Structures are given as C-alpha cells and as structure tokens.
Amino acid sequence: MRGVAPEPLKDHFVVINRRRYPPKQVIEALTGLDRAEFTTHDARRIVTGLGFAAGRRSSATGQGGRKRGDGGQPSGRADRSRQRSRGVITTVRPSAADLEPFVGEWVATRGSEVLVAALDPRAVVGWLAEHGMQADSMFRVASAPLQAGGAAPS
C-alpha cells in the first residue's frame, strides 16, 4: 500500500504502515478484484488474518475513545472541530502522536482526524477535491523541533 493514498473512511478501517485504510480499498489494490465481489467484513477478516490491526470508527468516538470527526459525511453541523467544555469553545486538533506517522508530509485535518497526507501540497488539495471534502486546516508536519517553531529552514 506504499504510495497509495487512503480513501475517506466510512466505518471500518485496517491499519497498514500506521495509516488507516478502508478494508475494501486494500483488497482491491492487492488483488485487482472488484469491490462488489466481497463485503467489507470479508476484506477486514482477510487483512486481519495477515496480522494487521483493524478498527471501527463511529461519529461519536474513534480509536482510544477520543472524539472524532465524521469522516466527510455530510451533516447539518457547521463545524465539528469545536467542542464546548464548561461554556468555553475549544478547537480539537490532532495530537503529536496522531501526526507522528506523517513527519515531513503535508496533511489536511478535520477536527482530530488526519484526512490525507502527501509529500506535495498539490496532491493533498487534489485528494480533497476528488473526494468532495473540506479540511479545517492544512499544514506540513515538521520533521525537527526548530522547524515546528519556525526557527529552521524546511
């Protein structure tokens, strides 16, 4: 799956090289089978049988119980990246641990979720346009602490 950008997640995902992919995308890419020939559960069972981790996300919580975005599914809410806590609105962003697999890459995020990552920012914008998605932010994940602070060249 190296060099293959993950498609938007719906409910189930498998983790390959620390990135989450829809199970059907993985089986289609590896076998060439049409996605209509197997179910998501079949694909997930095959990939986990090979030793890869899998999970299921929902609109309320994601891995580790943290609040997550909706994965690009339309809703009536204007901004899912903000939460109220004791009357104060806070912006939810990916943690450093969530961004660690993408060091040196450009990422588009929505709430605490990384939607897509690529070495070229045009590839990120192209992926968002292709999938009809919008991100809360887009930035390059720094590969050194000085880059993160803006004190070193990228």
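User: Is Ala 135 buried, partly exposed or exposed?

Analyst: Ala 135 counts as partly exposed, because its relative accessibility is 30%; please keep in mind that this is a predicted model.

User: Where is Ala 135 found, and which residues is it in contact with, leaving aside its neighbours within four places in sequence?

Analyst: Ala 135 belongs to the loop between α4 and β8. Once the neighbours within four places in sequence are set aside, Ala 135 is in contact with Ala 108, Thr 109, Leu 115 and Leu 128. As for Val 125, which is 10 residues apart from Ala 135 along the chain, the C-alpha atoms of the two are separated by 9.5 Å.

User: Ala 108 came up there. What stands opposite Ala 108 in β7?

Analyst: Val 116 is the residue of β7 that stands opposite Ala 108. The strands concerned, β6 and β7, run antiparallel and are joined by 5 bridges. In their hairpin, which has 2 residues between the strands, Gly 111 takes a positive phi near 60°.

User: What is the strand order in the sheet with β6, β7 and β8, and which strands stand at the edges?

Analyst: The order is β7-β6-β8, in an open sheet of 3 strands with antiparallel pairing. The edges are taken by β7 (113-118) and β8 (137-140), and each has a single partner strand, so one side of each is left without a neighbour in the sheet. Neighbouring strands in this sheet are turned by 25° against each other on average, with direction ignored.

User: How many bridges join β6 to β8?

Analyst: There are 4 bridges between strand β6 (residues 106-110) and β8, and the two run antiparallel. On this side of the sheet, Trp 106 stands opposite Arg 140 in β8.

User: And which helix lies across β6, β7 and β8?

Analyst: That is helix α4 (residues 121-130), which lies across β6, β7 and β8 while running at about 125° to β7. Strand β7 itself is mostly covered, with 6 of its 6 residues buried.

User: Changing topic: what is the order of the open sheet that contains β1, β2 and β3?

Analyst: Here the order is β2-β1-β3, again in an open sheet of 3 strands with antiparallel pairing. Its edge strands are β2 (19-21) and β3 (53-56), each of which pairs on one side only. On average, and ignoring direction, neighbouring strands of this sheet are turned by 35° against each other.

User: Which helices pack on that sheet?

Analyst: Helix α1 (residues 23-31) packs on the sheet and touches β1 and β2, with its direction making about 55° with that of β1. Helix α2 (residues 40-49) also packs on the sheet, touching β1 and β3, and its direction makes about 25° with that of β1.

User: Which residues in α1 are buried, and what covers them?

Analyst: Pro 23, Gln 25, Val 26 and Ile 27 are buried in α1, and what covers the buried residues of this helix includes β1, β2 and α2. Just after α1, Gly 32 takes a positive phi of about 80°.

User: How many bridges are there between β1 and β2?

Analyst: Strand β1 (residues 12-16) pairs with β2 in the antiparallel sense over 3 bridges. The bridge partner of Val 15 in β2 is Arg 20.

User: What is phi near for Asn 17 and Arg 18?

Analyst: Phi is near 50° for Asn 17, a positive value in a residue other than glycine, and near 65° for Arg 18, again a positive value in a residue other than glycine. Asn 17 has its place in the loop between β1 and β2, and Arg 18 is found in that loop as well. Asn 17 counts as exposed because its relative accessibility is 51%, and the cut-off for exposed is over 50%.

User: Last topic, rings: how many aromatic pairs does a search of the whole structure find?

Analyst: The search of the whole structure finds 0 aromatic pairs.

User: Which charged residues lie over a ring, then?

Analyst: One of them is Arg 20, whose charged end sits over the ring of Phe 13, at 5.3 Å from its centre. Another is Lys 24, which lies over the face of Phe 38 at 5.6 Å from the ring centre.

Methods:
Residues numbered from 1 in each chain as written. Predicted model: local features only at pLDDT ≥ 70, side-chain atom pairs only at ≥ 80, totals over all residues. Heavy atoms only, no water. Phe/Tyr/Trp six-rings, centres within 6.5 Å; stacked < 30°, edge-to-face > 60°. Lys NZ or Arg CZ within 6 Å of the ring centre and 35° of its normal. Pairing = 2+ DSSP bridges. Axes fitted to C-alpha atoms, helices over the stretch in contact; angles between N-to-C directions. Contact = heavy atoms within 4.5 Å. Buried < 20%, exposed > 50% of the residue type's maximum accessible area, 1.4 Å probe, protein only.
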